[in-house]
Amino acid sequence: MSYGNGTVILFFVILFLTKVVWSSAVSYPENWMSLNISERVLHELKAEIRELSFDDNRSAKDAFYTNLLVLQATHNIEEVKNVAETKGLVFIRKIFDDGNYYLFRQLIRCKENSEGLLNDIKGHSSVKWVAFQTPLKRVKRDIRFNDIYRSTLGTPKNSFSRTRILKNFRNTSSVNFDDPLFDEQWYLLNKGQTGSPPDNDINVLPVWESGITGEGVRISVLDDGIHPFSEEVARNYDSVSSDDLTYMSEKSNPVPENSHGTYCAAIAAGVANNKICGVGVAYDAKIGGVRIIDGPVTDAQEAMALVHALDYVDIYTASWGPNDDGKSIAGPGPLAKLAFLKGISEGRNAKGAIYVWAAGNGGRYQDNCNMDGYASSPFTVTIGAVTADGLSTYYSEPCAAVIASTYVGGSHLPPTANNIKKELRKIKVVVPEGRGKCRETFQGTSAAAPMAAGVIALLLQANPNLGWRDVQHIIVRNSRVPDTDESGWSTNAAGYHFHLKIGFGVLDSARMVEKALTWQPVKPLHVWSSPAITHKRFILPNQVTTIPLFVDKSYMFHQHVDRLESITATINIFHPQCGNLELFLESPSGTISQILTKRTSGQSK
Ligand SMILES: [Ca+2]
Ligand SMILES: [Ca+2]
């Protein structure tokens, strides 16, 4: 039933179940640090995951019946193993080096009995939790021309593997690189070479000039792997922070060309002064790659990637997530959630690992990164992309979880059939291909996240004592508004400017590092959870439905919350057409945060 303009009438009884959590939404699981068993060989897992990965078209029902299971033991793992063995399960490995989550494989797959098997295992006193592993669809967040222009252009122009010799542009600063494409890296040093206003860059030059180049900091790119012999990353490549959790082929590393992970690695920590391509933001940092995104993955794989070499890696950067198609709603599974918790509480000697995440490229399809549980997690630093003019890009996704943006390029408005050629020429990001070649056409929030990871590496070299929340505070307080004329900027009650697509601003490396040098750590995290609020209400078309939650300064003070850092709102709404809904969260001081934007592509209910 619809009225004028296709607006669907919303005379439906809906149920709001709203739970607002101040600062953090999670409680720490029991016993996760109680065991210490060394890593086991992964042969069994390889076989299973290879089988999953090759079957991209498995139906949801079939997917449920993969024969990988994770069991959580109450305390006695030997008893759990005995239970599992009697059910025909073979122990493969622990999910985390410590803790009580164990991966098992069903020797004989029997779809019909799988639910019975689950119930049998669940009923045992030594088993706290059990779940089959299902393949999850995860998509890399670079901009592919054949995707962007699919509606307007039949065959995309192939701009790959182009080596451009620099023209007569000389670097006038004290930092002189012999890397031929450095002067094309306008996002690092913008002197107007793009034709857009100079200084639209991440202001990293003063940091390098002060001698801070990422040395001693370790970054791991969670993606499709890094090619270790790519000349642009080889000198900084770090095998300890690298792994292959896909087992798609016997090759442990991807091919040198068109390697998404290698692109990301080069943006964060590409080698400087090697006469090849350009330079990374933190060009002396160590960089590794965990190969995970090459086909479907499971919750267990994601969890293992998120804590890979946790006692070694400082920053994990991820440029992937649920499909950015305007209708996918997904997030980390139970094990990946645990992995995040483990990362922020145990990583970097309990100062917390830094997780950098690409906001997503579904802006064109009205996708919203709040629908993406990785980007919207309080534990991730979610990064969007802006143009060379400092405007939001058409592809970067809006959401309240975007903390900041970096300069990646592309256009502010979606390209049309008439301006495609012009748009194709928009300056983008320099990345390496094989055999010393480079391309300058990498674009998307995929490029924005590792650029931010590089900036954070500079911060951590400047002040290794920063905690994971300190890093977020420094970003919020020191990012700058790139173009004050763009609509959508507002100022919150604490005086910080915010834009739904750009976050608190674009990263300003010099300003952030300067503040990091004398930074006083933030107070310990305090979490306050509201009771669940349940409302049965009609939502009327084009009208605002308000659900009140009582909080004020004095109430929060009594709850030991003296300042608000982040909010996690868990909201369940039953509605026939979610794409028509907009959701706003209004603070007691009147700051309005939009937590759901309209999604015309949205089909999810
Ligand atoms: Ca180089
Ligand atoms: Ca998305």
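1. The structure is a predicted model. The remarks that follow should be read with that in mind.

2. Two packed helices are described by the angle between their axes and by the distance between those axes. Helix 11, residues 445–462, packs against helix 13, residues 509–517, at an angle of about 25°, and their axes are 9 Å apart. Angles under 35 degrees count as roughly parallel, so helix 11 is roughly parallel to helix 13. The crossing of helix 11 past helix 13 is right-handed.

3. Which residues make the contact between helix 11 and helix 13? Helix 11 contributes V455, L458, L459 and A462, while helix 13 contributes S509, M512, V513, A516 and L517. Sorted by class, this contact of helix 11 with helix 13 has eight nonpolar residues, one polar residue and no charged residues.

4. An open sheet is formed by four strands in the order 5-6-4-7, with antiparallel pairing. Strand 5 (89–94) and strand 7 (127–132) are at the edges; each has a single partner strand, so one side of each is left without a neighbour in the sheet. From one strand to the next, the twist averages 30°.

5. Strand 4 covers residues 68–73, runs antiparallel to strand 7 and is joined to strand 7 by five bridges. In this pairing, L69 stands opposite F132 of strand 7.

6. Is helix 8 mostly covered or mostly open? Helix 8, residues 299–306, is mostly covered, as eight of its eight residues are buried. The buried residues are D299, A300, Q301, E302, A303, M304, A305 and L306.

7. Most residues other than glycine have a negative phi. N203, however, has a positive phi, near 50°. N203 is located in the loop between helix 5 (145–148) and helix 6 (205–209). A residue is buried if 20 or more other C-beta atoms lie within 10 Å of its own; N203 has 21 such neighbours inside 10 Å and therefore counts as buried.

8. Phi is also positive in H560, where the value is near 70°. The loop that holds H560 runs between helix 14 (553–558) and strand 23 (567–573). Is H560 buried or exposed? The limit for an exposed residue is 12 or fewer neighbours, and H560 counts as exposed because it has 9 C-beta neighbours inside 10 Å.

Methods. Residues are numbered from 1 along each chain as its sequence is written. Chains are lettered from A and ligands numbered from 1 in the order in which they are written. This is a predicted model: local features need pLDDT of at least 70, side-chain atom pairs count only at pLDDT 80 or more; totals for chains, interfaces and linings use all residues. Axes are lines fitted to C-alpha atoms, for helices over the stretch in contact, and angles run from 0 to 180 degrees between N-to-C directions. Helices (H or I, at least four residues) and strands (E, at least two) are DSSP runs, numbered from the N terminus. Angles under 35 degrees count as roughly parallel, over 145 as roughly antiparallel, 65 to 115 as roughly perpendicular and the rest as oblique. A crossing is left-handed if the near helix is turned anticlockwise from the far one by less than a right angle, and right-handed if clockwise. Two residues are in contact if their C-beta atoms, placed from the backbone, lie within 7 Å. Ala, Val, Leu, Ile, Met, Phe, Trp, Tyr, Cys and Pro count as nonpolar, Asp, Glu, Lys and Arg as charged, and the others, Gly among them, as polar. Two strands pair if DSSP finds at least two bridges between them.
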